[in-house]
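Let's take a look at this structure together. Have the sequence and the 3D view open as you read.

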Amino acid sequence: MPGAIAAIDVGSLYDQHVDWLRAWLRRRTRCPHRAADLAQDTYCRLIEKSAELRIETPRTFLATVARRLLVDDIRRRDVERAILDAQVLHAANGEEITPERIVEAAQFLDTVLRVLDSLPEQARETFLLRRIEGLAQSDIAERLGISISTVKRHIAAAYAACVTVAYAD
Amino acid sequence: MIETAANWAARFDSEEASDADRAEFVAWQSAHPSHRAAWNAIRAFDSSLDAAGDLEHAALRRAAQARLTRRRTATGGFAAALLVAGWSMLHFAGSADETARYQTARGQVKTVSLEDGSDLVMDTDAAVTVALTRSERIVDLARGQVFVHVAKAPDRPFVIRTADGTATALGTAYSVRRDSAGTRVMVTESHVRICPADLPNACRTLGPGEQARITSSGVVGFGRIDAARASLWTSGWLEVDDRPVVEVLSEIARYRKHPIRFDPGQLLGRNVTGSYPLSDPDRALSGVADAADLAIARQSDGTLVIGPR
């Protein structure tokens with residue numbers, strides 16, 4: 001297509017590396033269709049950003065972009081599955097759930113999971129116990145066999161992660 | 001700085017903060033706008049957790065469980081640092097409960113981070129007045145286009161207002177554009193309630209990927225949009241798929257300091273497809289000219305005259 005200025009550099013990146021990128025993604029997804037989709041998305045991301053980028057090591061760069069998309073993709077699937085499950089539970093209780101509510105729940109869940117994913121295991125568990133289960137800091141310390149100052153450190157790590165996630169958008 | 005904010009949050013969480021702690025916190029928070037911004041991000045996150053209902057909690061428990069039991073060899077580096085170069089893009093506004101005015105020059109696109117944690121991206125040649133109060137958040141759009149990522153605060157509605165009417169966020173991301181044909185609202189995420197100024201009973205709700213126009217005679221022109229494409233200007237690009245060249249030229253002209261001239265009649269029936277950089281309108285125009293087989297003549301005053309080759 002003539003006139004697609006942004007596509008010029010991306011075009012040669014595509015020709016040279018797309019097979020490699022698909023193979024790279026296939027190894028990680030074990031699904032050729034998802035790998036192809038994600039490879040496509042990776043190049044779309046590049047087209048959006050090509051004005052501000054200078055790429056020295058194309059494969060490292062492609063892998064970085066693709067890895068982030070892959071993480072997003074896995075999280076999105078988790079969000080969908082979790083909400084469907086939760087919805088079924090609610091429907092069984094006779095509660096009606098509007099489409100708006102589902103959209104908002106999905107956004108909420110996506111954000112929280114991004115925060116949780118960036119935390120080490122124990123910090124993640126600490127934060128869930130505190131903010132979702134509502135346990136006191138001292139109860140969490142006892143339950144996990146750690147000190148209260150460690151609990152506090154984990155909670156601070158979660159809050160720091162939420163700022164990082166908020167700024168990443 | 002983020003760490004300090006997070007440590008405060010953890011300290012307040014344990015409810016053992018003393019009056020002296022609180023005084024120290026207030027001093028820290030007012031020491032630099034970035035401190036307040038970090039703190040606001042934490043509060044926004046915290047209040048979204050507070051606002052979550054049973055459904056959200058149940059879903060979160062499930063998702064967390066799935067993660068605990070799954071080995072994450074697939075992608076590795078989950079804890080990848082997501083600290084993105086977002087800092088330089090943040091512009092800080094004045095303090096709360098104040099009215100602030102922002103405007104952009106022709107060709108300028110800028111992001112304004114509001115006190116409540118919302119981000120307002122202003123398109124070329126736009127002017128807004130922002131009033132954040134305890135009970136509501138109002139953006140008066142005098143001209144141009146804005147895209148907003150709304151920070152959740154259910155008790156403080158976020159409203160974008162023009163002379164034509166209002167668009168109130170029920171969710172998070174949408175854009176509003178005011179031009180001679182009225183006010184166009186495009187929804188990227190969640191839902192937006194739009195109300196014409198003079199017909200308060202004619203309100204409608206738009207969902208993700210929907211657009212409509214508010215005019216003096218009501219809400220018209222419902223349609224679907226490609227939401228990602230419609231907000232691409234926020235990152236400096238215009239993407240078009242088989243659109244009339246007249247429409248594309250007019251859009252790019254909005255970003256150019258000096259006018260462009262063309263005779264729409266001569267360009268009828270010519271369509272273009274492509275991605276064009278709004279940050280460099282002249283480069284964008286020459287891209288369109290190549291695609292549609294047009295000639296560009298530059299006059300001494302910077303005006304471009306465009307016609308068939």
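This is a predicted model: local features need pLDDT of at least 70, side-chain atom pairs count only at pLDDT 80 or more; totals for chains, interfaces and linings use all residues.

Here is a short tour of confidence, a helix pair and the chain contact.

Residues are numbered from 1 along each chain as written, with chains lettered from A and ligands numbered from 1 in the order in which they are written.

The model scores ipTM 0.74 and pTM 0.44. Chain B averages a pLDDT of 80 (the predictor's confidence in each residue, from 0 to 100). Over residues 71-97 of chain B, pLDDT stays under 50.

## Two helices in chain A

Find helix H4 (residues 99-117) and helix H7 (residues 148-168) of chain A: they pack at about 120°, axes 8 Å apart. Helices here are DSSP runs (H or I, at least four residues), and strands are E runs of at least two, numbered from the N terminus. Axes are lines fitted to C-alpha atoms, for helices over the stretch in contact, and angles run from 0 to 180 degrees between N-to-C directions.

## Where the chains touch

Chain B puts 59 residues in contact with 54 residues of chain A (C-beta atoms, placed from the backbone, within 7 Å). H4(B) gives the largest share of chain B's side, 11 residues.

Key:
Two residues are in contact if their C-beta atoms, placed from the backbone, lie within 7 Å.
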